[in-house]
There are 2 protein chains.
Amino acid sequence: MRHVKYALCINKACGLQVEPKPDITLCPKCGEVLDITYDYEYLKSTITREQIEASTDNSFWRYKPFLPVEETSEAPALRVGWSPLYEKHGILGLDTLYIKDDGQNPTGSLKDRPSALCVVKAKEAGRTSVACASTGNAASSLAGSAAAAGLSAYIFVPERAPKGKLAQLLVFGANVVSVQGDYQAAFRLSDMAIQKWGWYSRNAAINPYLMEGKKTVALEICEQLNWQAPDWVAVSVGDGCSIAGVWKGFYDFYQMGFIDKLPRLLSVQAAGCYPVHKAFRAGTEEIVPMSEDTLADSIAVGVPRNGLKSLRALEASNGLAVEVSDEEILAAMCELGRSTGVFGEPAGVTGFAGLKKAVEQGLIRKDEKVVTIITGNGLKDTANALKAAGEPISSPPDMDRLLVEFEKRGVKPE
Amino acid sequence: MRHVKYALCINKACGLQVEPKPDITLCPKCGEVLDITYDYEYLKSTITREQIEASTDNSFWRYKPFLPVEETSEAPALRVGWSPLYEKHGILGLDTLYIKDDGQNPTGSLKDRPSALCVVKAKEAGRTSVACASTGNAASSLAGSAAAAGLSAYIFVPERAPKGKLAQLLVFGANVVSVQGDYQAAFRLSDMAIQKWGWYSRNAAINPYLMEGKKTVALEICEQLNWQAPDWVAVSVGDGCSIAGVWKGFYDFYQMGFIDKLPRLLSVQAAGCYPVHKAFRAGTEEIVPMSEDTLADSIAVGVPRNGLKSLRALEASNGLAVEVSDEEILAAMCELGRSTGVFGEPAGVTGFAGLKKAVEQGLIRKDEKVVTIITGNGLKDTANALKAAGEPISSPPDMDRLLVEFEKRGVKPE
């Protein structure tokens, strides 16, 4: 990887530079997470915007030169990324809003990006099995990418995990272990098994390559906006890895001179779980764990493992932090669906919900260009969608009665 | 529409040529369905393969010259089509199998193609509302495309429709009418309401434009295979409109000289509902209604409205018909997921299930090039996916016990 300098420990007091082998995890000196660091001067000499635009690869692999992979590594088997960016006018009172629909990924979420990259790195490391502890999109995306690549997947879930969430994993043929205990028990057993059998770990808490997969959503936004960075990007935040990845993507292309400014980040957490925002407001890098009281399960992370990276991204971007209630999240799901035809899961529309609040509070002006990323498909969680969407109009099979029912509901057919 | 000659009544005894206005329905003379007929000589003078390949439009709209739309009509608001075609070796014993994953559409099914086209035609007709009677993918795709385009949608469903299926429609802001009665009652009320308010009808039974949207999946296959038609295309069949659309797409490009042969069609129906196959085997164009006894709800169509078109496609392609049981459909869902990372709903994988059977029976040789179309996303129906996928491995949080559980299940970690 001529274009990668090293993996840098993000603990400033440590700052260790680690050789970027495919199976590195945490800093061997201080235990903090690592950040992949590129040689932008070298990259500038090898790749241009025009070369990227000429690519016929309709996936995130069109940005291979900016990914921490060997030149000889083959593209992932699934078509991940290059999701649509819809330009809308007047929504939430904004002159121009761009909707990046990352629910349009093979298994239905942005997590397909890091999972696909994870499988590439596992192969580089010579592994035939990958593993993680998760009940959510990390697990289903890993199971899908592994199946497509012919690798075995081992997924550890707490016993309370709803069975519906396991369907996708099991169909992909993953070895799903339901651990008698809570998430921490599942995580610990996965960790022991990973050590014992030498599986490749897809755990954003320790694997620095995953964020590099996530950043591709930002690279795409730059190209899709014709190399004009937006004024704002609104993102839902749980573990912190996604918003940090988004920032890294813009940072990469800014360093390359591909965009001439960096956007501001609007970080949105659930009002029932916002440990990153608490630290951000207190001006500290110490993140205090919080309970996980939100229906947006994909961002219900009381102990964010990439909290520090997300805080740094928020600070560097002169960002803002907004929290939204579960009711606001469900309302946003409907407002987004009705105005754009995009259906997001609760955590997937949380950025949009926070954007609505930020606009109403005057934090974002109506003439600013805003992108919001929909991180997961609404089909992932139809139970909460039904809570949001209300009841259909009930009518006997009779036109007169239908008219009455329409009037009751204020429907004026035309 | 200079490139469209007329809409032709498919009743050979009638053969009326109808002016292709945007709101035509059935043949005004005999009541049979119509087929949009193109002027291929004109098309040959205006468009080449190279021009198509040069398009940067990553949607089915790249084939606009072959769609029955006005030149001035704008692209649909959602990015529909241009779904991935995965090349696989050794699956089902076939040297080369191509998986066309049409679950990768905005609302999760192939039906996004006709629904997006429907909304374009509704706008051409000057309508602001669209309507249909459906509980399935036709309804959700119409609701999504209408929301994105700023049109109102009216969807009529029978009262027994599972609520989970309504979530997507309601989030898209459709006016969903739950009709007290069965599907026929819902259909009749929708028909009366459509007449009364002049809504544009998305009903494949009467609207000849919908099949033209469906055909784009075949146009994409041709281009993605570098203009080499496959030997076989395996498709699940319910109403008959999809397989007829697939055939129309290959036919269009064959007439243009873009491909030098036509594929054979493998039509796959559920063993609990196969009225099209019964007529095909009897050598008649009279389709006798059947009960709808299959869990693959998207193809449980006892009275196929486009049965005649599908029969003609089967005959013209020298096709084959195979039925599969619900058990075979569920098993195919897992076999597909495990070997490719593609997750299809039951009807979505029925073509794959029938292909497996056809290969085992020696009807298709292992060296023949086969495409199978996955018509809907597995997230549409996780309840049946769970039936298919079985149970996870249950274990206490203890390595020794995990080893025991792995052994019991025959899992050999490596």
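A quick word on conventions. This is a predicted model, where local features need pLDDT of at least 70 and side-chain atom pairs count only at pLDDT 80 or more, while totals for chains, interfaces and linings use all residues. Residues are numbered from 1 along each chain as its sequence is written, chains are lettered from A and ligands numbered from 1 in the order in which they are written, and side-chain values use heavy atoms, leaving out hydrogens and water.

Now for a sheet with strands from both chains. Its five strands run in the order β14(A)-β8(B)-β7(B)-β6(B)-β9(B), in an open sheet with parallel pairing. Strands here are DSSP runs of E with at least two residues, helices are runs of H or I with at least four, and both are numbered from the N terminus; two strands pair if DSSP finds at least two bridges between them. At the edges are β14 (393–395) of chain A and β9 (200–201) of chain B, each pairing on one side only. Two bridges tie β6 (residues 129–133) of chain B to β9(B), and Ala131(B) has Ser201(B) as its bridge partner in β9(B).

Chain B also has an open sheet of six strands, β4-β5-β13-β10-β11-β12, with mixed pairing. Its edges are β4 (85–88) and β12 (320–324) of chain B; each has a single partner strand, so one side of each lacks a neighbour in the sheet. Further in, β5 (residues 97–101) of chain B runs parallel to β13 (residues 370–374) of chain B, joined by five bridges. One of the pairs is Leu97(B) with Val370(B).

Finally, over in chain A, helices α10 (residues 275–282) and α11 (residues 307–316) pack at about 50°, with their axes 10 Å apart. Axes are lines fitted to C-alpha atoms, for helices over the stretch in contact, and angles run from 0 to 180 degrees between N-to-C directions. Val276(A), Ala279(A) and Phe280(A) are the α10(A) side of the contact, meeting Gly307(A), Ser310(A), Leu311(A), Leu314(A) and Glu315(A) in α11(A).

How values were computed: Contact means heavy atoms within 4.5 Å.
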